[in-house]
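Have the sequence and the model open as you read.

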Amino acid sequence: MIDLLLNALSDIASVKTILLLVLGVMFGLVFGVIPGLGGTTALAILMPLTFGMTAIDAFAMSGGIMGAVAMGGAISAILLNTPGTAPNAATTLDGYPLAKQGRAAEAIGAAATASPLGGLFGVITLLMVLPVAKQLVLLFGPPEFFLLAVFGLVTIALSDSTNLLRGLVSAGVGLMLAFVGYDTVTGGERFTYGSDYLFDGIPLVPALVGLFGVTEMIHLSITGGTVAGDASAVRIHGVMKGIKATLKNWRIVIRGSLTGTIIGSIPGVGGTVATFIAYSTTKRADADPESFGTGRIEGVIAPESANNAKDSGALLPTIAFGIPGSAEMAVFLGILVLHGMQPGPTMLLNNEREIYVLIIALTLSAVFSAIIGIALVKWLAMITLVRGQILAPLVIAVSLVGTYAINSRPGDVVIAAILGMVGYLMLRFNYPRLPLVIALVLGETAERGFLQSMMISQGSWGIFISSVTSIIMVLLILITLGWSFIPGILKSRRAAKAKSD
Amino acid sequence: MKKLILVLSIIGALMGCSGPSSDTFPNRDIEIIIPYNAGGGFDVYARSLAQYMERYLPEEINILPINMPGAGGRRGASHVYRADPDGYTIGIFNMPGILLPQIQGVKINYDVNQLSWLSTLSIDGYGIIVDDESPINSVEDIKNMGRPVVYGATGPSSTSYIATTIVSTALEIPYKVITGYKGSGEYILGVIRGDVDAAFANYSTIQPYLESGDIKLAAVIGVDSDDPNIMDANDLGVPDLSNIKIVRMMAGPPGMPEDIRSTLEQAMLSALDDQDFKAWLDATGNDVYPANAVDTKTAVDEMSSFYDKFKEFLD
Amino acid sequence: MAKTAKNTTSFAPVIFIFCFTLGYIATGFIYLDEESRRVPILTGYVTIFLLALETLKWFIPSMSQEPKDTSGVDAVEVPVSREVIGLGYVVFLASMIYVFGFYVAIPIYLFVAIAFLGSQTKKTAGISAVVASIIIYVVFELILETRLYQGLLFS
């Protein structure tokens, strides 16, 4: 394996290829920063450019794009609460509060360090499991998908311990929205009122841009001021502090990276869920979970470690069976086909060389984009000083344009706008938005997994404990439930006892 | 202030409206609508074709691929149907994908028979696949299972599901379909995992899986079988079933003038004959079956009547 | 800390979500067949149950401590009228985009939002609107070649 890696490195080491890689990084950063656009759109738009290139060059550029998008998205997530890409939504939770405290530079520094480190661990994990890639992918079938979705839902809906009930209500609403659209399991058009647009359901990226980005910008435009409340509090030199924080919290980096790789490898569940779960588990394991959301640097480190690792994870089913682990991988497979390769189980045999080039490109890209991010941090942090009255309408405008650019559907703009307003109301009435989002992402997977499992088992519930993987998932769910409720029950018991003494 | 808005509106309007087409076609870029997501096999094929078609059109003319996924291909179909028949908007379609909703009476905004059909690009058939270690080796084995066979498929209006139901009903095989898989890759995995017994999958898509030994073929439909051990529609006794194929065709809006249609058709057929394109198609396992506009329209009509005939077999 | 609008305690959200869920369940019964609506309707019922619990919390003294107010120390009181106007601007932008398209909607919205909602000078608003619109045009239309929506009126 080492020799394969070294070969790949020498493949990349030509000036032209490196330049293309860096070009990819630039594109990735820009596409990442603009809300709505992301790796998938970037790859799709740049696919035609790869026509004349050799496969190695094309993969180097693709890797450059994919690895950099996460960093770009983290920047808008931190500075503007607008996730540049869907998985960056988790970074807004503590990233934006940090920016509001004038600690944007620190947050960006932390994210910039977590990304390449997380990505590196992800790549190492991928390379270690590559020999058993096929068996790993085959572990997951409908029952496991269902249980995984439930696990994701439970973890995140219950992550806000002060607001459990409202979190569950949000999750309920999110699920109801997730069921809108054509259902391939039962074959019915649900809640679409005949609309062609709603046929495909509520789209995720416009929903996220609306709920997180537009909402906070509406908030900013109403309250006035600047993102960072106090101009003098903005410490542009906090970058080093952020970098050190990530290095100090290497355990969180590893945990986030593992989460990203594992969950990112499950087709359809993917990056967004991975970063949210990384965030939630880090919060849960922390000594002071309730301070998360007010500006804990760990709340940036965890999701950003997961964010780059998820690409390694997504490569697993892509390489093993030619089944894209994420939307970006789907477009990437297209680029692969464009260069005369056939996706499928034979890829690892026939196209090993190119795949290793991609892996190296991904890693290098994460490093390059981090360096660029840190170099630009001074200017980036200044965005938090721009008058909100100007910044907010600008960001809202660009967000809506970016959202439209994904699929050229005006409906996407409407969804982003509506959910921006709904998100604002949720913000003001103290209903957590996170569970709604995660339910929107996982609802379909959960229902499909459940219905298909029931069809396969012909109605027997035993199918959910019929494989080792499914039993492990059930245990994980029970542990998470216990962890959420038992401390609360014990606390109230103790309080009652103290009262009676 | 008001003047500013007026000026801006006029600028907006001017930028928005396309100019009138002049005499010689083509004199500006042509849009080719791809009714599916970027990155899918279809999308890549279309983009590649677009690239090669450009070689056979005047120098400055580009062919711009535009993805318009949605509603299972219907959104793209509607867009092309409603566009001006000036030759600057064409689409590439998966038949019978967009034909089926029309046959099944779903409310749609296009009429497959009215579209100006330009050419056929490729034809693909189906393989009935089972896991490599499955005791099933042929359709006979499926019939003798002693219980309904369990298939995997995507959605109940997908071409794979339709193929599954029509063929199984015509061959009198008791069956059950587990729908809901997100794509063919996923239900092929389902076959390998053992969640389902068998599935109908695109013949070209399954080649790598056959090569790696993860699955094997029980039969083929819509493809002629050279292997005596693997039966095709003729061997199975219902030759009509060999009409069940997936055909990629190109079409424009209804009422396209003959000369414009001819120009596009020629460019397409030349591209399909291009050496480099053929080499790429070979490397990626795509088959080419070029056909001109007239033959394509005939094929569409035949397809319409075939599926109409077998309509009752669909739930 | 940046300014934050103070959170509101009110019964309105419960009622709103309740109506939405009720409408959702009704739609399920009217338009969907038995199989398709099973899981969504079940989710609706569970949500209503949760809303009932939330309502109960109001009346049971021991449980009625308001969940932690995340608005923080620097929370400011924002008049409801301003909030409605702020939301209204987004409706304004979205409708303009839908009807007139981006080329008309973006410059107008930016100018109006910055000058009136944002209370900046007309000069600042005008310059920002023009510059931003040009940059958006260049990046999206020219560089990315995405055709920006022209609105119902012009397409």
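## Where chain C meets chain A

In this predicted model, the contact (heavy atoms within 4.5 Å) takes 67 residues from chain C and 62 residues from chain A. Chain C and chain A bury about 5900 Å² between them, with 72% of it on carbon and sulfur atoms; buried area is the accessible area (1.4 Å probe) that two parts lose on being put together, summed over both.

The rule finds two salt bridges across this interface, each being a side-chain nitrogen of Lys or Arg within 4 Å of a carboxyl oxygen of Asp or Glu. Look for Arg166(A) and Glu54(C), whose side chains meet in a salt bridge at 2.8 Å, N to O. On the side of chain C that touches chain A, H2(C) gives the most, with twelve residues; helices are DSSP runs (H or I, at least four residues), numbered from the N terminus. By class, that side of chain C has 38 nonpolar, 18 polar and eleven charged residues. Here Ala, Val, Leu, Ile, Met, Phe, Trp, Tyr, Cys and Pro count as nonpolar, Asp, Glu, Lys and Arg as charged, and the others, Gly among them, as polar.

## Where chain A meets chain B

Turning to chain B, the contact takes 49 residues from chain A and 42 residues from chain B. About 3500 Å² is buried between chain A and chain B, and carbon and sulfur atoms give 57% of that area.

Two salt bridges are found across the interface of chain A and chain B. Lys134(A) forms a salt bridge with Asp214(B), where the closest N and O atoms are 3.1 Å apart.

## Helix H1 of chain A

Helix H1 (residues 2-12) of chain A has the buried residues Leu5(A), Ala8(A), Asp11(A) and Ile12(A). They sit on the same side of H1(A) because they cover an arc of only 115 degrees around the axis, taken from the directions from the helix axis to the C-beta atoms. Buried means under 20% relative accessible area, exposed over 50%, partly exposed in between (1.4 Å probe, protein chains only).

The buried residues of H1(A) pack against helices H2 (15-33), H4 (55-80), H6 (104-129) and H18 (352-375) of chain A. Turned away from the buried side, the other face of H1(A) carries the exposed residues Ile2(A) and Leu6(A).

## Notes on the model

Residues are numbered from 1 along each chain as its sequence is written, and chains are lettered from A and ligands numbered from 1 in the order in which they are written. In this predicted model, local features need pLDDT of at least 70, side-chain atom pairs count only at pLDDT 80 or more, and totals for chains, interfaces and linings use all residues, while side-chain values use heavy atoms, with hydrogens and water left out.

Technical notes:
Helix = DSSP H or I, 4+ residues; strand = E, 2+ residues; numbered from the N terminus.
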